[in-house]
Amino acid sequence: MKLILAVLVLVLVIETQAQWYRYPGQAIGGAKDMWRAYQDMRQANWKNSDKYFHARGNYDAASRGPGGRWAAKVISNARETLPGMGNTGRGRADSEADQAANRWGRNGGDPNRYRPKGLPNKY
């Protein structure tokens with residue numbers, strides 16, 4: 001009985017650790033999700049839609065798994081902290097609101113919370 005239990009625990013531990021190979025693919029897919037949300041935001045050119053696209057990009061990326069979640073976090077933080085990427089002089093409060101939308105989406109929150117009225121259903 002102890003042997004069966006030990007083998008079962010060993011198999012579960014190995015199987016859990018064996019998922020490492022999915023991480024890079026999830027990260028690449030998550031980066032693509034973030035890029036798609038950015039492109040959609042540019043294409044939509046809709047007033048007050050910034051937070052929605054932040055939340056949606058993070059939500060889509062994080063839904064891929066831990067690798068996608070990591071990619072979303074890295075990209076979101078880089079965009080808000082590196083000069084010339086996202087910090088366009090809108091102020092600290094706006095940057096913090098963007099980060100709140102990023103976290104909301106990354107943690108599985110519905111991006112539609114930030115959806116502005118009238119934004120076409122295409123997005």
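Author: Helices (H or I, at least four residues) and strands (E, at least two) are DSSP runs, numbered from the N terminus. This is a predicted model, in which local features need pLDDT of at least 70 and side-chain atom pairs count only at pLDDT 80 or more, while totals for chains, interfaces and linings use all residues. Residues are numbered from 1 along each chain as its sequence is written, and side-chain values use heavy atoms, with hydrogens and water left out.

The part I'd pick is the pairing of α4 with α5, plus what sits around it. Helix α4 covers residues 66–81 and helix α5 covers residues 92–106, and they pack at about 175° with axes 10 Å apart. Those axes are lines fitted to C-alpha atoms, for helices over the stretch in contact, and the angles run from 0 to 180 degrees between N-to-C directions. The pair is therefore roughly antiparallel (over 145 degrees; under 35 is roughly parallel, 65 to 115 roughly perpendicular, the rest oblique). On the α4 side the contact uses R69, A72, K73, S76, N77, R79 and E80, and on the α5 side S95, D98, Q99, N102 and R106. By type that's 1 nonpolar, 5 polar and 6 charged. Here Ala, Val, Leu, Ile, Met, Phe, Trp, Tyr, Cys and Pro are nonpolar, Asp, Glu, Lys and Arg are charged, and the others, Gly among them, are polar.

Take R79 from that list: this α4 residue has 18% relative accessibility, so it counts as buried. Buried means under 20% relative accessible area, exposed over 50%, and partly exposed in between (1.4 Å probe, protein chains only). R79 and Q99 are 20 residues apart along the chain, with 9.8 Å between their C-alpha atoms.

Now α5 by itself. Its 15 residues should span 21 Å at 1.5 Å a residue, and the end C-alpha atoms are 21 Å apart, which agrees; the expected span is 1.5 Å times one less than the number of residues. Buried in α5 are S95, D98, Q99, A101, N102, G105 and R106. They fall within an arc of 160° seen down the axis, so they line one face of the helix; the arc is that of the directions from the helix axis to the C-beta atoms. That buried set packs against α3 and α4, while R92 and A93 are exposed on the face turned away. After α5 comes G108, with a positive phi near 90°.

With 22 residues, α2 reaches 31 Å between its end C-alpha atoms, close to the 32 Å expected. Its buried residues are Q26, A27, G29, G30, D33, M34, A37, D40, M41 and A44. Their arc is only 170° around the axis, which puts them on the same side of α2. I28, K32, W35 and R42 are exposed on the other side.

Finally, the loop between α2 and α3 holds N45 and N48. Most residues other than glycine have a negative phi, yet phi is positive near 45° in N45 and about 60° in N48. N45 counts as exposed at 67% relative accessibility, and N48 is exposed at 62%.

Notes. Contact = heavy atoms within 4.5 Å.
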